[in-house]
Amino acid sequence: MNPTRWNEWVRRQLQTGPLEPASEEFFEGIWERIREQAASLPMQGRRTFPEDLRTACWQTAPLLAAALLGILLYAWYAPPEIHGPRTSAMDSYVWDAALPPSDAALMYQILNVEPGSGTEAQP
Amino acid sequence: MMAGAEQVPEDRDLIEKACAGDDSAFEALMRRYSGQVRSFIARFFRNRAMVDDLAQETFAKAYFGLKSFRREAALETWLKRIALRQCLDQMRNRKIVTVSFDEDARESADIPGPFDPEHQIKARLLLAQIMQSLAPLDRIILTLHYGDGYSGEEIAKITGLSKANVKVRAFRLRQKLKALRDGGYQ
């Protein structure tokens, strides 16, 4: 079967006839809808919602950045009695949890680290 | 340059003005694109009242969303994208088959072509079956691609799908149409 003719046939099947131009009622209907929808909006400022959101983001961004910086500084400089030993607890926790005891011991040995201390063993 | 030739305002200027609250600028945009939007919707719905209803809703949505319109795409594409969403909602809600096979359509569709009249009717019914079995988005892709010759890129822009996704969907649709052509579609 000829594919070109076939495609033409499908195209004709899927096509619609020409549309008559839009009437004035069509455009009036749009304005009517716009008025209705505008009236049903809870606030007058609804149309500018994206702008409001953007402004709000810009206003709160410095505050959020300052808070984040504060948390980071605190985490870094806080004395050990507050946050505990910096690395050892985490290291041993992760290794001990992830590996069977024999493998963990081997890992400590390979990396030349004292179990639970998080510090390098002295040679 | 022709003396006294009326300067047609560009879309960009009209959009700026409309965003600043000038409704006459939006009216001008509506009149400029009403034909394209209505024709686009008419590809999926034959009922003229429904076409106008969906086109009006499209422009109303465009009015409230114009400020969020990013100027990277053409306004026409953006409007078609809104219209497409309306069409999809309508299809999902009412489960409408987008191809009707009334007598007028049949006559206009008859071309000296692949089938004799009897087979054309059969093929038409099978095509309707295919359309009915498709997801609304695939129906739209089929209509745009095969009915109107939209490229994959154009369809991707309007539907918001990736080009690769459109390609895959179009390929599957082509397979179905091929099966119909060869008489193997059940």
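Are A:Trp31 and B:Tyr63 buried or exposed? A:Trp31 is buried, as is B:Tyr63; here buried denotes a relative accessible area under 20%, exposed over 50%, and partly exposed in between (1.4 Å probe, protein chains only).

1. Basis of the note. This is a predicted model, in which local features need pLDDT of at least 70, side-chain atom pairs count only at pLDDT 80 or more, and totals for chains, interfaces and linings use all residues. Residues are numbered from 1 along each chain as its sequence is written, chains are lettered from A and ligands numbered from 1 in the order in which they are written, and side-chain values use heavy atoms, with hydrogens and water left out.

2. Chain A. The secondary structure of chain A consists of six helices and zero strands, with helices (H or I, at least four residues) and strands (E, at least two) taken as DSSP runs numbered from the N terminus. The order of elements from the N terminus is α-α-α-α-α-α. Of the 123 residues in chain A, 17% are buried.

3. Extent of the interface. Chain A contributes 34 residues to the contact and chain B contributes 45 residues, where contact means heavy atoms within 4.5 Å. About 3,900 Å² is buried between chain A and chain B, and carbon and sulfur atoms give 62% of that area. Buried area is the accessible area (1.4 Å probe) that two parts lose on being put together, summed over both.

4. Four salt bridges are counted between chain A and chain B, each being a side-chain nitrogen of Lys or Arg within 4 Å of a carboxyl oxygen of Asp or Glu. One of the salt bridges joins the side chains of A:Glu24 and B:Arg31, at 2.8 Å from N to O. Eight residue pairs, both residues at pLDDT 80 or more, are in polar contact between chain A and chain B. A polar contact is a pair of N or O atoms within 3.5 Å; within protein, one must be able to donate a hydrogen and the other to accept it, and residues adjacent in sequence count only if both atoms are side-chain atoms. On the side of chain A that touches chain B, the elements giving two or more residues are helix 1 (3-14) and helix 2 (24-40). Helix 2 of chain A gives the most to that side, with eleven residues.

5. A:Arg33. This residue is found in helix 2 of chain A and counts as buried at 16% relative accessibility. The side chain of A:Arg33 makes polar contacts with the side chains of B:Asp53 at 2.2 Å and B:Glu57 at 2.5 Å. Leaving aside residues up to four places away in sequence, A:Arg33 touches B:Asp53, B:Gln56, B:Glu57 and B:Ala60.

6. Aromatic pairs. Over all chains, the structure holds seven aromatic pairs. Rings of Phe, Tyr and Trp (its six-membered ring) pair if their centres lie within 6.5 Å; planes under 30 degrees apart count as stacked, over 60 as edge-to-face and the rest as tilted. The pair A:Phe26 and A:Phe27 is edge-to-face because the ring planes stand at 80°, with centres 5.3 Å apart. A:Phe26 is buried at 2% relative accessible area, and A:Phe27 is buried at 5%. A:Trp31 and B:Tyr63 also form an edge-to-face pair, with centres 5.8 Å apart and planes at 80°. A:Trp31 lies in helix 2 of chain A and B:Tyr63 in helix 3 (residues 48-65) of chain B, so this pair joins two chains. Ring pairs link A:Trp31, B:Phe26, B:Tyr63 and B:Phe64 into a cluster.
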